[in-house]
Amino acid sequence: MLEKITELIESRQYLKLRELIQDMNVADIAAVFEDLSNDYVVKVFRILPKSQAADIFSYLPSEDQQYIVNSLTDKEAANIIDNLSSDDAADLMEELPASVVKKLLSQTTPETRRDINHLLQYPEDSAGSVMTVEFIDLKEYYTVRHSIDIIRREGIDKETINICYVLNPRRKLIGTVSLRKLLLSDPDETIGNIMHENVVTIKTLDDQEDVAHTFKKYDFTSMPVVDSEGRLVGIITVDDIVDIMEQEATEDIEMMAAITPTDKPYTKTGIFETYKKRIPWLLLLMISATFTSKIIQTYEEALASYVILTSFIPMFMDTGGNAGGQASVSIIRSISLGEIEFRDIFKIIWKEIRVAVLCGLTLAVINFAKLMIIDRVIVPVAFVVCITMAITVLFAKIVGCSLPLLAKKIGFDPAVMASPFITTIVDAASLMIYFQIAKALLHI
């Protein structure tokens, strides 16, 4: 398909190109556009119907959207923005320079400007910032027949018509009614008699991650967003929730790998920008790792007496880091899913202690057999290594499960307390444990 579209553009067969694209799914078109040169994409946008151009535009990455807006005339760009859903238009405005936003908004309709400005007032990552203001609202005294007429007349410009929202004269949400219910009800029945009154709502300032958890809990495809006085100001649909979940998961993964999160895809991020995202964490972890080398320097005399002790240091550091990483990943994921809270910390620590005892004893026993049969070290050294192994695993599991919960409690992202930080802490602690046990059992 990419070759066909490229061929039609190069041969300037724009009528055939328009007919070809009109029969394609907008998501598939957007996927093809990502592989086209930006100049070709702009040419295609100029020949597409306004509504279809807006639908395709909403699927494109933000960098491509900005290029298209900057390449089109102000009027052409404003036409696309007018046909975008309000939440997509607001997201675009946040990415563009202020001078460009001002110029574009001056070309859009008053309704579009009002909706965009309304959404931009909410904090980033809040429910208000991701909602759309395009929904069907009804009154409880409307008849079913009148309500269906409203849907026919206004529904084409709304985000969804599957659920309609019933408001009182002060625009407070008092109920919902599904399109299915409307179609199956008597045409003369009033909305107040068939509406669902027990409505689950979202507040405008709720964090988008909490909103995603609410969607998961209730399995809704859309949910109403109300202000502090209970007035309906917008709705959030499940397609926005999918984007939020992807964004939050990506952010957690990057934080767990000690990378500053970024909104750009990997292939769209430049070398220097990638460097800036990674180097602060690497510097911090390198500096914190100096404690490990300082500990080794402190016990140089002990190592000189039993040089073989040095060969087991990497094993403790790797095993401790892995044990702590296992616990932290499980806890971070459970926190993000809303399964556990800080009040569960003692129950979690007790569970991880029992897991650590089983893991530590298993590793110690197997390691003792290896030291005796394969490495043929003396028994006292084998005891030092195996006892250290068990204690290191226990310490790592406790640190790994408690640090993310503590981070969440004091307001940090739990993902920050993932493998890199835990590994650094456990490395230093395992060496101190190792040398203290060696001094006690080997009398060095």
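**Salt bridges in a predicted model**

Modeller: The count comes to eight salt bridges in this structure, where a salt bridge is a side-chain nitrogen of Lys or Arg within 4 Å of a carboxyl oxygen of Asp or Glu. This is a predicted model, in which local features need pLDDT of at least 70 and side-chain atom pairs count only at pLDDT 80 or more, while totals for chains, interfaces and linings use all residues. Residues are numbered from 1 along each chain as its sequence is written, and side-chain values use heavy atoms, with hydrogens and water left out.

Colleague: OK, which residue does R114 form a salt bridge with?

Modeller: R114 pairs with D115, and their closest N and O atoms are 3.3 Å apart.

Colleague: And is D115 buried or exposed?

Modeller: D115 counts as buried because its relative accessibility is 15%, and buried means under 20% relative accessible area, exposed over 50%, and partly exposed in between, using a 1.4 Å probe and protein chains only. R114, at 54%, counts as exposed.

Colleague: Switching topic, where do R152 and D149 lie?

Modeller: Both lie in helix α12, residues 144-154, three residues apart, which is about one turn of the helix; helices (H or I, at least four residues) are DSSP runs, numbered from the N terminus.

Notes: Helix = DSSP H or I, 4+ residues; strand = E, 2+ residues; numbered from the N terminus.
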